[in-house]
Amino acid sequence: MKKTSWISKLTSTIATGTAAFMLFAGFASAHVTVSPSVAQTSAWQTYTIKIPSEKELPTTKITMKVPEGVAFKQYQPLAGWKITTEKNDSNEVTSITWEVDGDNEGILAGQFQQFNFVVQNPKAEAEVAWDAFQYYSDGSIVEWTGQPSDSNPHSITTISEDPAAAAGGDHHSTGTADEGHNSAGTEAGTGDNAANDDNKANDDTTLGDALNDTVTGEPNNTDTDPGTLKLQQATLIVSILALILSFLGIALATRRKKR
């Protein structure tokens, strides 16, 4: 009886821990993210910010700071959302805000929303951080401004001269040889066009490519970062262990009854 009791308690503890771990894994992967996570230097880039609602309240507003060195160009309109930008004295956009409009209730619990925008990436290699502020209907604010190890980290994009190498060969970047882009748009988007004296023509072409990606709504990312994969693997291992212990407990209990 003692063996059965010990096994039952251990099985219960493991099962409880597994459930808590799975809940933690769900929350850990539900961050505000900006994709792609790797992009080409100087390219006119279509980015997507993904906003999950983690509380039992609707998200009604999101403000995103434009990182230093990133030149904001355009945003994609979205029904039910009022979109505004803030500029500095040099007429550069420093932040963009998406706020519910009309009868829109916002991003409800268990839902997420994506917003698309176009910027020009920095000319030099860098890591740009996307600080975001998530407003809920009760007035509370979640600041996504921390480091990767923090509970509320900001999303980071690595700007590279060789985005394919930086991303391990798996990336989606406007201005590179993505599916559906012609060679002229590719050259203009990467900034490697030999006709450097015609900057205006280059800008027009790359903007056309970037907006084309925005309209088609191709997903840029997303939830395949190494941290999320590790959490999923750990959850699977703990779940299998709990299942084995559960079967062991049943077997011992059955054997005890036969005696």
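Two strands are taken as paired if DSSP finds at least two bridges between them. In this structure, which is a predicted model, strands E6 and E7 run antiparallel and are joined by 7 bridges. Residues are numbered from 1 along each chain as its sequence is written, and side-chain values use heavy atoms, with hydrogens and water left out. Because the model is predicted, local features need pLDDT of at least 70 and side-chain atom pairs count only at pLDDT 80 or more, whereas totals for chains, interfaces and linings use all residues.

**Overall composition**

The protein contains 5 helices and 12 strands; these are DSSP runs numbered from the N terminus, with helices (H or I) of at least four residues and strands (E) of at least two. Of its 259 residues, 36% are buried, where buried means under 20% relative accessible area, exposed over 50% and partly exposed in between (1.4 Å probe, protein chains only). Among contacts (heavy atoms within 4.5 Å) between residues at least 6 apart in sequence, 70% join residues at least 24 apart.

**Strand pairing around E7**

**The nonpolar core**

A nonpolar core is a set of buried Ala, Val, Leu, Ile, Met, Phe, Trp, Tyr and Cys residues joined through side-chain atoms within 4.5 Å. The largest such core has 27 residues, and those with the most contacts inside it are Tyr47, Ile49, Trp98, Phe117 and Trp130. Elements giving two or more residues to this core include strand E3 (44-52), strand E4 (59-65), strand E7 (93-100) and strand E8 (112-120). Beyond neighbours within four places in sequence, the contacts of Trp98 include Ile49, Ile62, Met64, Trp81, Phe115 and Phe117.

**Aromatic pairs and charges over rings**

Rings of Phe, Tyr and Trp (its six-membered ring) pair if their centres lie within 6.5 Å; planes under 30 degrees apart count as stacked, over 60 as edge-to-face and the rest as tilted. By this rule there are 7 aromatic pairs. Two stacked pairs are set out below.

| Pair | Distance between centres | Angle between planes |
|---|---|---|
| Phe72 and Phe117 | 6.3 Å | 20° |
| Trp98 and Phe115 | 4.9 Å | 25° |

Phe72 lies in strand E5 and Phe117 in strand E8, so their pair ties together parts that are 45 residues apart in sequence. Phe72 is buried at 12% relative accessibility, and Phe117 is buried at 0%. The other pair links Trp98 in strand E7 with Phe115 in strand E8, 17 residues apart; Trp98 is buried at 0% and Phe115 at 2%.

A charge sits over a ring if NZ of Lys or CZ of Arg is within 6 Å of the ring centre and within 35 degrees of the ring normal. The charged end of Lys50 sits over the ring of Phe112, 4.5 Å from its centre, while Lys61 lies over the face of Tyr135, at 4.3 Å from the ring centre.

**Gly80**

Gly80 is placed in the loop between strand E5 (71-75) and E6 and is partly exposed, with a relative accessible area of 26%. Not counting residues up to four places away in sequence, Gly80 touches Glu99, Val100, Asp101 and Asn104. Its C-alpha atom is separated by 8.5 Å from that of Gly106, 26 residues apart along the chain.
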